[in-house]
Structures are given as structure tokens and as C-alpha cells.
Amino acid sequence: MYRIRELREELNISQRALAARIGASHKAVNFWETGKVEPSAKFVCALADVFECTCDYLLGREDDTGAVNVLRELTETEKEWLSLLSKLTKRQSEEAISYVSYLSTKI
């Protein structure tokens, strides 16, 4: 059993937003979540990277997400976000996260 819907909802992102992050269509994500189609190995790995879990956890083969650290270079935009966030107070940071979460639902 795939845990795609559960993990996507934990991140509070839409099927469209998830699809955009991994280079798939939102219909594909819907089909995976409903069990109509199984994702290819390429997409299982991409989903595991997004959800920061092991492929085995995603596939329901184990119950521990595992300690996964996705190592990649940050984009310039990500670096800018981190720089800006580091200058905020805790309260401002919480507000920023809340606002960005809200924006991500608009996708």
C-alpha cells in the first residue's frame, strides 16, 4: 500500500503541487493515490525525496520512515529564503511559514 496521500496531506500540499515538484501530472498522482496505477521506480524515488522517507516506507514495506537526508545543492532561491528567514524573530518566522503554507494551497 502506497502512503502517498497520507504523506502529501502531512505536507499540506495539493496533488498538483506534488506533481509539479516531481515532474508528473496531477492525474498521475491521483491515480497513484487511488491505486489505479503504480508509480514507476523513477517517481517512487522522487516521491521519497520530497517526503524525506525511504522508498520502502513509501511503499508500505516498513513502518519506520528511516533517517533520510536528501543531499543536494540549494538553489539560489532557496538560499535567499533561508537568508531572509534567519533574520526573522520566532513569531515572524511562524507567520511566514503560515503564509507560505497558505500560498501553497493556491496552486
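Visitor: What does "buried" mean here, and what share of the 107 residues of the protein chain count as buried?
Guide: Buried means under 20% relative accessible area, whereas exposed means over 50% and partly exposed lies in between. The model under discussion is predicted. Of the 107 residues of its protein chain, the share that counts as buried is 25%.

Visitor: Which pattern does the protein chain follow along the sequence?
Guide: The chain holds seven helices and zero strands. Its C-alpha atoms fill a box of roughly 45 × 30 × 25 Å along the principal axes. Read along the sequence, the pattern is α-α-α-α-α-α-α.

Visitor: Among contacts between residues at least 6 apart in sequence, what percentage join residues at least 24 apart?
Guide: A contact requires heavy atoms within 4.5 Å. Among such contacts in the protein chain between residues at least 6 apart, the part that joins residues at least 24 apart is 43%.

Visitor: Which residues does phenylalanine 51 contact, leaving aside its neighbours within four places in sequence?
Guide: Phenylalanine 51 belongs to the residues with the most contacts inside the largest nonpolar core. Leaving aside neighbours within four places in sequence, its contacts are Ile4, Leu7, Arg8, Leu11, Leu18 and Leu58.

Visitor: Is arginine 8 buried or exposed?
Guide: Arginine 8 has its place in helix H1. Its side chain reaches the backbone oxygen of isoleucine 13 at 3.0 Å. Not counting residues up to four places away in sequence, arginine 8 touches Ile13, Ser14, Gln15, Leu18, Glu33 and Phe51. Because its relative accessibility is 9%, arginine 8 counts as buried.

Visitor: Which elements are included in what covers the buried residues of H2?
Guide: The buried residues of H2 are Gln15, Ala17, Leu18, Ala19 and Ile22. After H2 comes glycine 23, with a positive phi near 75 degrees. The cover over the buried residues of H2 includes H1, H3 and H4.

Visitor: How many residues apart in sequence are the parts that the pair of tryptophan 32 and phenylalanine 43 ties together?
Guide: The structure holds two aromatic pairs. In one of them, tryptophan 32 and phenylalanine 43 lie 5.3 Å centre to centre with 45 degrees between the planes, a tilted arrangement. Tryptophan 32 lies in helix H3 and phenylalanine 43 in helix H4, so the parts tied together are apart in sequence by eleven residues.

Visitor: Over which ring does the charged end of arginine 3 sit?
Guide: The charged end of arginine 3 is 4.1 Å from the centre of this ring. The ring is that of tyrosine 57.

Visitor: What is the phi of asparagine 12?
Guide: Asparagine 12 is found in the loop between H1 and H2. At 42% relative accessibility it counts as partly exposed. Although asparagine 12 is not a glycine, its phi is positive, at about 60 degrees.

Visitor: Is glutamate 52 buried or exposed?
Guide: Glutamate 52 has its place in the loop between H4 and H5. Its phi is positive, near 50 degrees, in a residue other than glycine. Because its relative accessible area is 51%, and exposed means over 50%, glutamate 52 is exposed.

Visitor: Which residues is glutamate 73 in contact with, leaving aside its neighbours within four places in sequence?
Guide: Glutamate 73 lies in the loop between helix H5 (55-58) and helix H6 (76-86). With a relative accessible area of 63%, glutamate 73 is exposed. Leaving aside neighbours within four places in sequence, its contacts are Glu78 and Lys79.

Visitor: Which backbone oxygen lies 2.7 Å from a polar atom of the side chain of serine 104?
Guide: Serine 104 is in helix H7 (residues 90-104). Its relative accessible area is 17%, so serine 104 is buried. The backbone oxygen that lies 2.7 Å from a polar atom of its side chain belongs to serine 101.

Terms used
Residues numbered from 1 in each chain as written. Predicted model: local features only at pLDDT ≥ 70, side-chain atom pairs only at ≥ 80, totals over all residues. Heavy atoms only, no water. Helix = DSSP H or I, 4+ residues; strand = E, 2+ residues; numbered from the N terminus. Buried < 20%, exposed > 50% of the residue type's maximum accessible area, 1.4 Å probe, protein only. Polar contact = N/O pair within 3.5 Å; in protein donor to acceptor, adjacent residues only side chain to side chain. Core = buried A, V, L, I, M, F, W, Y, C linked by side-chain atoms within 4.5 Å. Phe/Tyr/Trp six-rings, centres within 6.5 Å; stacked < 30°, edge-to-face > 60°. Lys NZ or Arg CZ within 6 Å of the ring centre and 35° of its normal.
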